[in-house]
Amino acid sequence: MGTLLESDSEKNVLLQSQFPKQNQTLMFHFDSDYMAGAHPEIMRRLMDTNIEHTVGYGFDEYSDEARRRIREACAAPNALVQFLVGGTQTNATVIDALLRRHEGVLSADTGHINVHESGAVEHSGHKVLALPAHDGKVAAADVANFIHTFYSDDTYEHMVAPGMLYITQPTEFGTLYSLAELEELSSLCHKYNIPLYLDGARLAYALASPAADFTLADIARLCDVFYIGGTKCGALFGEAVVAPDPKYLPHFFPLVKQHGALLAKGRLQGIQFATLFTDNLYVDIARRAVNLALRLRKAFEAKGHCAAIDSPTNQQFFILPNEVIDRLLQHITFEYWGPRGDKESTVRFVTSWATEEEAVRAVEELL
């Protein structure tokens, strides 16, 4: 894997040699939570309004409705709400907006911006300052120690300053920050006068988890900026950035456009988020996904296959013998979480709002 591949075809040959060839008649998919299109109610509303002519860039009535519903759900009546297209784009844009040129962003070393965004934050001119992860989470003590150590160094003016803290809810490992942990991190960030930013790409699945002891209003109260994920949570695409106090994102609109994140047909995002935040649809469809994921976990554990991490959300990780993986891959798809081992490997199963009970039943029968 250390050699430079000369072509895509050569890369494909290498990948095919690493992983078993999969049956071409696969029926069920657990690779990620953005594989399906959009919730049927969203599709219906998009079709109903398809021929309408509205102003662009999110200044239409549907986007206004979505902002109103999101502010109500967050109990943040004055919040800035801005719609962007995708998660990596959103993280890079928000982090660029929150930081000064000499500052970096604190993150768990397993954080999405540090491992799975191809250096998007660094490309915008800011360094990711990695902290040790504890089941995917950052500890307040580690944040405090980093900041204290940084400013105790007489040469700190020559180094990248910790300008904000980035967390995800749920984490890359499907784990959750408790309300107490969020309150501790929020208090610490305010003590050191740095913003707390929460990546909510899968926020619906966090809110729907039986382990959640927080609400969306709690997140809005404790985080300076966060985003509500749509792409992985029932929408065709789109993320809603929320700044409960707009002072944290001044002049955000032109910065969104600079980052290529401004959709001309903004009403398409407004319609989707207005629908998701009608009659609690956003959390209800996620709750079903979480319940199916926990059912999957029971099925694996009943056959003696250990969960790699204790996740109460829609992402489940298992350590499986390679022969079991090879057999399952003939009928269903899922992802390796890291390189394939000699005898056993860690894999990830992800359910979504669109996962059918039949798919979970198929896994149970295959096991």
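A residue is called buried under 20% relative accessible area, exposed over 50%, and partly exposed in between (1.4 Å probe, protein chains only). The model is predicted: local features need pLDDT of at least 70, side-chain atom pairs count only at pLDDT 80 or more, and totals for chains, interfaces and linings use all residues. Residues are numbered from 1 along each chain as its sequence is written, and side-chain values use heavy atoms, with hydrogens and water left out.

**Exercise 1.** Determine whether asparagine 193 is buried or exposed, and describe its backbone.

Solution. Locate the residue: asparagine 193 belongs to the loop between helix 8 and strand 6 (196–199). Helices (H or I, at least four residues) and strands (E, at least two) are DSSP runs, numbered from the N terminus. Next, apply the cut-off: with a relative accessible area of 70%, asparagine 193 is exposed. Finally, inspect the backbone: asparagine 193 is not a glycine, yet its phi is positive, about 60 degrees.

**Exercise 2.** Characterise the packing of helix 7 against helix 8.

Solution. Two packed helices are described by the angle between their axes and the distance between the axes. Axes are lines fitted to C-alpha atoms, for helices over the stretch in contact, and angles run from 0 to 180 degrees between N-to-C directions. The axes of helix 7 (residues 140–152) and helix 8 (residues 179–191) come within 9 Å and cross at roughly 15 degrees. Helix 7 is therefore roughly parallel to helix 8 (angles under 35 degrees). For the residues involved, contact means heavy atoms within 4.5 Å. Ala140, Val143 and Ala144 of helix 7 meet Glu184, Leu185 and Leu188 of helix 8.

**Exercise 3.** Which structural element holds alanine 66, and what does this residue touch?

Solution. Alanine 66 is part of helix 3 (residues 61–74). Its relative accessibility is 0%, so alanine 66 counts as buried. Setting aside residues up to four places away in sequence, alanine 66 touches Phe83, Gly270, Phe273 and Ala274. Its C-alpha atom is separated by 7.4 Å from that of phenylalanine 277, 211 residues apart along the chain.

**Exercise 4.** Identify the cis peptide bond and place its proline.

Solution. The bond joins glutamine 169 and proline 170, with omega about 0 degrees. Proline 170 is found in the loop between strand 5 (161–168) and helix 8.

Note on methods. Parallel < 35°, antiparallel > 145°, perpendicular 65-115°, else oblique.
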